[in-house]
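Subject: Structure handover and notes

Dear colleague,

Please open it first and keep it in view while you read the notes.

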4 protein chains.
Amino acid sequence: MSTIMIGNELNYDVRQPTVLLFKISAANTPHQKLISEELHFNPRLQVEALDFGSEGNRAHRALVQPCKLQISYKATIEMTPEVAHSTDVKEAASAQIPADVLPYLNPSRYCESDLLGRFAFEEFGNLALGFQRVQAICDWVNQFIDYTPGATNATTTAADVLLMRTGVCRDYAHLAISLCRGIGIPARYVSGYAVNLNPPDFHGFIEAFLDGRWFLFDPSKLSQLNGLVRIGTGRDAADVAFATINGNAILTQKSVWASHSNDSAPLPPDIQTAISTA
Amino acid sequence: MSTIMIGNELNYDVRQPTVLLFKISAANTPHQKLISEELHFNPRLQVEALDFGSEGNRAHRALVQPCKLQISYKATIEMTPEVAHSTDVKEAASAQIPADVLPYLNPSRYCESDLLGRFAFEEFGNLALGFQRVQAICDWVNQFIDYTPGATNATTTAADVLLMRTGVCRDYAHLAISLCRGIGIPARYVSGYAVNLNPPDFHGFIEAFLDGRWFLFDPSKLSQLNGLVRIGTGRDAADVAFATINGNAILTQKSVWASHSNDSAPLPPDIQTAISTA
Amino acid sequence: MSTIMIGNELNYDVRQPTVLLFKISAANTPHQKLISEELHFNPRLQVEALDFGSEGNRAHRALVQPCKLQISYKATIEMTPEVAHSTDVKEAASAQIPADVLPYLNPSRYCESDLLGRFAFEEFGNLALGFQRVQAICDWVNQFIDYTPGATNATTTAADVLLMRTGVCRDYAHLAISLCRGIGIPARYVSGYAVNLNPPDFHGFIEAFLDGRWFLFDPSKLSQLNGLVRIGTGRDAADVAFATINGNAILTQKSVWASHSNDSAPLPPDIQTAISTA
Amino acid sequence: MSTIMIGNELNYDVRQPTVLLFKISAANTPHQKLISEELHFNPRLQVEALDFGSEGNRAHRALVQPCKLQISYKATIEMTPEVAHSTDVKEAASAQIPADVLPYLNPSRYCESDLLGRFAFEEFGNLALGFQRVQAICDWVNQFIDYTPGATNATTTAADVLLMRTGVCRDYAHLAISLCRGIGIPARYVSGYAVNLNPPDFHGFIEAFLDGRWFLFDPSKLSQLNGLVRIGTGRDAADVAFATINGNAILTQKSVWASHSNDSAPLPPDIQTAISTA
């Protein structure tokens, strides 16, 4: 168990009446408990809280008139991940994958697992089944891509990344997800906060469905798994953009932070420890 | 109200132990009521029925040993669509779109609405809001694409179709969905049966979210809306493939049919009638 | 006949031994005569002048040691274009296109005329043949694309532009070339200088092969055809990049200019006048 | 020195007046000498022979009225390749590449070397320079791709092949060319005949520019280099299609053959022998 404090501040120059949809609030789930939370809009607005069903995703939506808008969020979270020894974590048999997990085998906008199926099988199809196979994919992706802020953009897909070998956390995640799906392992995108992320920002990582649960992986290796706080999950980054703007609003400033509380006893970083918080 | 009888027969040459997932059964919803249904596998198999929550999607899954497999399905359906005069159907305000509908604004594997947003706005952004705008998109798509069986394949996307101007019902649907999403109208893919489809086959069409409901459109204009029976809905065709094969099985024969019963009183085909069955 | 003065100054921060290839010098052809020309490298370098055969393309190449490199070029050019009344300019019959022109019917890196053939035929296949058909393509491209500096990059292709409807002169040219080739009219990319271009820069435009000659068009409509000075021609922008860097050199400053001399009598801008300078 | 006999027979159903352009005749160069050649069209036609300048490419063009058209070609060729020991073949220094070779460093329609530059450098940038580096690329491509007739088509590019890992000789060639260009080695596509090709067909292979000459490589490893007869070279397959059809003509039958004459003494197959016939 550990306690993580997170927050962000976003400033927008809203230039016409605009509907803004934010996905910045920590999910509240059995393994990730909200101790406290504050969300402020300045100027004050009528803000609608949205819930997205089974995966715990939340959002906030507001119709905003032209103004300088400041959003500030902070929360304290208690993390109680399930842990397992990685060698004990099996892959789910194809015929046993639950109905609500099946969509995470399908290709999605930024994860063309249909195109990359042969690639995935040739590289990873013959490895021993289990947690280690997903770890091998993440290790491969991490080696394969050069971390390069600015080299990719919001329309870059896993196929693009496989060709260009460059990207940021989001791109690492999309490629790893595609390769997992390509060999029949359900995988999904997770947006969140990460303790000690450098430079500080929202983070993108993944979950793979193994042994009846979703396990965390960070193909970018920029975070420690025990310092991750989930905002939301989706098929890929398209589902969990931190802000969706329908109108005209320019992001003028963004700061994001996350840290362990002094009294928390974070798990030791251990490659052998499989972590599930879903 | 009308009664529609549907069915199909599929034959597979299964060459190794294979997990087969079928999405061929009619959804059972308030507007589409299952009167009777039969699904047979020959040889007899242990078949698992799967349900996919709120949208009424169903599937059947079986682990199949090498054999000549025959699947036959038939059902009788009572359709009680909601109808409205098309000019009465408004667009939903951006800030009013329900949480569970929002994902249908996101780009998906075969519907790159992020790439096509400007295209959509330049062509359709200035039309009067409402049902007619979606109809205008479907009409445009119908004119724009040359119906050409065999010109596209399972990886063809809306962007491909916009470049190549050729495709089948699935491609018409993907392009229309992308253009709807591009101007802020939630849209989704529907797989189903269509009365009098020529040549007979499974059909792909779309629903757009307007005025608080999902309304049917067929950009291919190969069907009449009152002859459609829903199998399932998804973000695009990736979610509702009639068969997903994990192993090695070759489709050797497929026949599909749908017809109005003699005593049904199908709605007159009427361009002014908006139909909702979701 | 008119006289045009052109020039540019380029500054590079060369960080390791680097081979630099520049295509910045005006072509010297019967219709575009070099009156005077100066090209200086500072520091002084051994520079190799390259000639590229039949199309008049030139380049300069140097192996440069780490330094602050300044290139300055200026030239005075006498233009004696052939002019024709546009309605007199026929298309070449397919069987009459000369061997050395045939490659300009083939698709190239940024001009996927093979993908866009149907699009080209549906939009422009039924127009009356001749100069006016190329003009119609250029007019259509000009209307279709939103001029947006920064929206595209060096890997953007005509297909990308057709989807995204945004770009700069290079993108207008690539799309127009692709559509010409798509309906069987040879077309090529021209890099050059343009009088009164705003903002001043190198310019990209096109030539179409009609009636036995190459005629000038500017799909971006940012220039007047009688103010264009050719640097070089190619299948697309890949062939005429103003600088190709093999090593590590950063462009730190670029200025480009072109103006008519006081005593020149430029042709009146006239939509009916077809101009050939090749 | 060896003697190779080649030929083909093509049958077309020409359905409307059509311009047909064939690139099926062996090039006639110092290292590949035409001993005899016959080209027949049935019915008899007025056929124009085209020559394409410095690279020795030839073509034949005819305007054909509706008919059943049969083209038959045969030729006897004397090959006198230059051979070298592969370890003696150096790479050309970047600053020494001749002007007429420079275009083969540029990306082309099916060889997106601009996109794949980083990939090429990461995989092959650190290998020892020389012939062996191109051989390493060809070996890698050969291992990487699954030879699969029908999996790709006329619009498939090197980037597609890198994602899908499947293709035919043309696809192997495009990927190898792209990777060569990506690390600064000029490379081009060669169409031709290959002795003992199985199944018999036209063949696609490559040349890389090393040490002042063009050397042959076959990334598909379906041929022996001493059994290759050049038809033509180009930036990629777009430039050397065996037939280009402007109108409506359907290929109904194609047969292609090539064999060593009895009295020829073909070079022993030897991985250490570098062969140049350009």
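Predicted model: local features only at pLDDT ≥ 70, side-chain atom pairs only at ≥ 80, totals over all residues.

Residues are numbered from 1 along each chain as its sequence is written, while chains are lettered from A and ligands numbered from 1 in the order in which they are written.

Chain A has four helices and 16 strands, where helices (H or I, at least four residues) and strands (E, at least two) are DSSP runs numbered from the N terminus. Its C-alpha atoms fill a box of roughly 55 × 40 × 35 Å along the principal axes. The radius of gyration of chain A, 19 Å, agrees with the value near 19 Å that a compact globule of 278 residues would have; the radius is taken over C-alpha atoms, and the globule rule is 2.2 Å times the number of residues to the power 0.38. Of the 278 residues, 48% count as buried, a residue being buried if 20 or more other C-beta atoms, placed from the backbone, lie within 10 Å of its own. Among contacts in chain A between residues at least 6 apart in sequence, 77% join residues at least 24 apart, with two residues in contact if their C-beta atoms, placed from the backbone, lie within 7 Å.

Chain A is divided into domain 1 (2-80 + 244-260) and domain 2 (84-240), with bounds that come from an automatic or database domain assignment. The centres of these two domains, taken over C-alpha atoms, are separated by 25 Å, and 18 residues of domain 1 are in contact with 17 residues of domain 2. On the domain 1 side, β1 (2-14) and β15 (249-260) of chain A are the elements that give two or more residues, and β15(A) gives the most, with five residues.

Turning to the chain contacts, eleven residues of chain B are in contact with eleven residues of chain C. On the chain B side, α1 (117-124) and α3 (158-164) each supply at least two residues, and the largest share, four residues, comes from α3(B). Chain A and chain C, by contrast, do not touch, and their nearest C-alpha atoms are 11 Å apart; chain B and chain D likewise do not touch, with their nearest C-alpha atoms 11 Å apart.

With best wishes

How values were computed. Buried ≥ 20, exposed ≤ 12 C-beta atoms within 10 Å, placed from the backbone.
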